[in-house]
Amino acid sequence: MIRDAARAAIVGVLALGFYAIADLRRDVIAAVVGNDAAPAAAPRLPAATGAGLTPTAHLRVVLVDGAGADTAHTMPAWNALCARGLDLTLDVGFPTVSLPVQLALWGGRSQQQTGVLFHSGKVVTPALGGSGIPAQVPGSIAIAESHPYIAHSLGFADTRPPLGKKLPDGWATRWIDDARAAVASPARLAFVHVLRVDTAGHKFGKRSGSWRSAAATADVILGQLIAAGPPGARWIVLADHDHIDGGGHGGEQRAIRIVRTCIAGPDVRTGRGGPIHITDLSRAIADSLGVTLPTDSPGRPLEAAIAAPVDDADVLPTLPGGRVALAWALVVLAVAATLWAVWCYPGWRKLLVAPWWWPVAMLSLCAFAEAPTLSTPMIYKPRGLDMAQAFAPGLAVLAVSLTITLRSGWTRALVTQLAVPAMGTLAVLIVCGGTSLIWGDAPCPVVPFWTAWLAALLLMASAAAAVAALVLLATAVLSASGPSAPPETHHTEPAAP
Ligand SMILES: [Zn+2]
C-alpha cells in the first residue's frame, strides 16, 4: 500500500513536471525576446594604429536589413559603390538581431554593453540619448521602409514613419520618395533602413524567389538613392545580419554575423579588408560627422580596424566562470547518481540501461529538424511541436528503457533515466543566467550556443516527465491486473556472477 501511494505521488510529481517545465520554457522564451540584460564589459578588440576617416559635409547611410554578404554581391548598385571605395567585411557582434545591432552601430557600444540583446518589436525608451551619434547631428533624418520602432530607438531629429500599430496609408511606396528627398536634402546625416529583404527572409527563406526579387528591388532603390544624393557625399552601405537558408537570424554563426559594408566618396581610399567590428563602423560614422562616441566605446579608427581584423574570440561574449563551475558541479553529481543507480544491473546491462534516450533525442532533433540556434525559428515556438516531433525517437527509447528498468525498482529506474537529463538541463539554465525564471523574472538569458539548446532541452525535459509518468502508470496498472503479471517481490535483479 505504501509503495502504491509513493508511486502515485511520483506519477503526480512527474505530471506536474510536464506542465511546470513547459511553462518555464515559455518564460525563458519571453525573457529572451522581451527582457534586457545588465550592461556588461566592452569587447576587447585587437589594438592597432591607423587614421580615422576625415569629417565630411554629407554622410548617407543605407542599411539593407538581412542582406548578407553573398546577397550583397548579387546587387549591382551595391557592387558599384564598393568598387569605388572600401569593400569591407563587418562583424555585427552577437546576437545578430536588428535593433541591438543598430544600437551598437549608432551608439558605439556593443550589444553586451547596452544590455539590449533582443528587445523584439518594441522601441527602446528613452531612445539612444545624447551620447548616440544621431542626436549629436542637428537635422539628422532617418527613413524606414517598415518596423519604425528600430529607427525611433536611435535618436534621429526626424524619424519617419511615425510609431504606430500600422504603417501610414501609402507608405509602402511613399517611403521611397521620402528616402530620396532625405538623401538629397542638405542634412548632414541621412539614414535609410531598407527592410524588404529581411521580411522576405522571414516569410519565405533565403533560397526563395521572393528573397531574390526583394534583393533586386532593394538594389534598384539603393541605386536611386545614390543618384539622388548630393555630389561629394560619403556613402556607407551595410547589412545588419544574414539569414539561414530557411529564414531566421539571431545566432552567433559567422555566416549570419559577418556581412558586407562599403564606404565610398571623396577622401575614401579604395581597397578591401575586414572583418571590422560594428563599433569600428560606428567610429567611422562618428569621425565622418566630427562627433564623439562614449569613452567606453571599443570602436577603433578605420585604418586601425582594417589593420587588425576581429575574430570570434574578440567579439563573442564569454560565459561567467562562476555559472560554468556551478553547472559542471551539477553535471558531475548527476553522473555520480546515475553510476550508483546503474551499478546493480549485471554486466553489460549497465551499458544498456544508461540514459541513451537523451543523446538520441538531441541527435534526432538535429537530423529530423536542425541543430537549434538563436537563428532557427523553431526554438521560439511556444508549444514547440516541430521540435517535439523531431526528437520523438528519443522519447520512444525512454519509454522502452523505463519499462525494462522499472522491474528493478522505480526509484533506481527514474534516477538512471532522468538524473543526467534533468541536471544537465538545469546546468544549461544556469549557464544562460536564467535560473531566477524558476520563481520570477530574469534578465535576458541570451548567450551564444546554450540559450538555443536550452529552449530544446526544456521541451525534452517536459516531454520526458510526461512519458515517465505514463510508463509508471501503465506498469502499475498492468502489474495490478492480469494473472500473468509477475509478482512484485524482486526489486533488484541478481548480480552478475
Ligand atoms: Zn529579421
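Pro-95 lies in the loop between strand E2 (85-91) and helix H4 (98-107), where helices (H or I, at least four residues) and strands (E, at least two) are DSSP runs numbered from the N terminus. The peptide bond joining Phe-94 and Pro-95 is cis, with omega of about -5 degrees. The model is predicted: local features need pLDDT of at least 70 and side-chain atom pairs count only at pLDDT 80 or more, while totals for chains, interfaces and linings use all residues. Residues are numbered from 1 along each chain as its sequence is written, and side-chain values use heavy atoms, with hydrogens and water left out.

A cis peptide bond also joins Arg-160 and Pro-161, with omega of about 0 degrees. Pro-161 belongs to the loop between strand E4 (158-160) and helix H7 (171-184).

Accessibility is classed as buried under 20% relative accessible area, exposed over 50% and partly exposed in between, using a 1.4 Å probe and protein chains only. His-147 is partly exposed because its relative accessible area is 38%, whereas Asp-267, at 65% relative accessibility, counts as exposed. Asp-287, in helix H11 (residues 278-289), is buried, with a relative accessible area of 16%. Leaving aside residues up to four places away in sequence, Asp-287 touches Gly-52, Leu-53, Thr-54 and Pro-55; contact means heavy atoms within 4.5 Å.

Helix H17 (residues 385-405) has 21 residues and reaches 28 Å from its first C-alpha to its last, close to the 30 Å expected at 1.5 Å a residue. That expected span is 1.5 Å times one less than the number of residues. Shortly before the proline Pro-393, H17 has a kink of about 50 degrees at Phe-391, the bend being the angle between axes fitted to the seven residues ending there and the seven starting there. Among the buried residues of H17 are Phe-391, Gly-394, Leu-395 and Leu-398.

The axes of helix H3 (residues 76-83) and helix H9 (residues 209-228) come within 7 Å and cross at roughly 45 degrees. H3 and H9 are therefore oblique to each other, since angles under 35 degrees count as roughly parallel, over 145 as roughly antiparallel, 65 to 115 as roughly perpendicular and the rest as oblique. Pro-76, Ala-77, Trp-78 and Leu-81 of H3 make the contact with Asp-219, Leu-222, Gly-223 and Ile-226 of H9.

How values were computed:
Axes fitted to C-alpha atoms, helices over the stretch in contact; angles between N-to-C directions.
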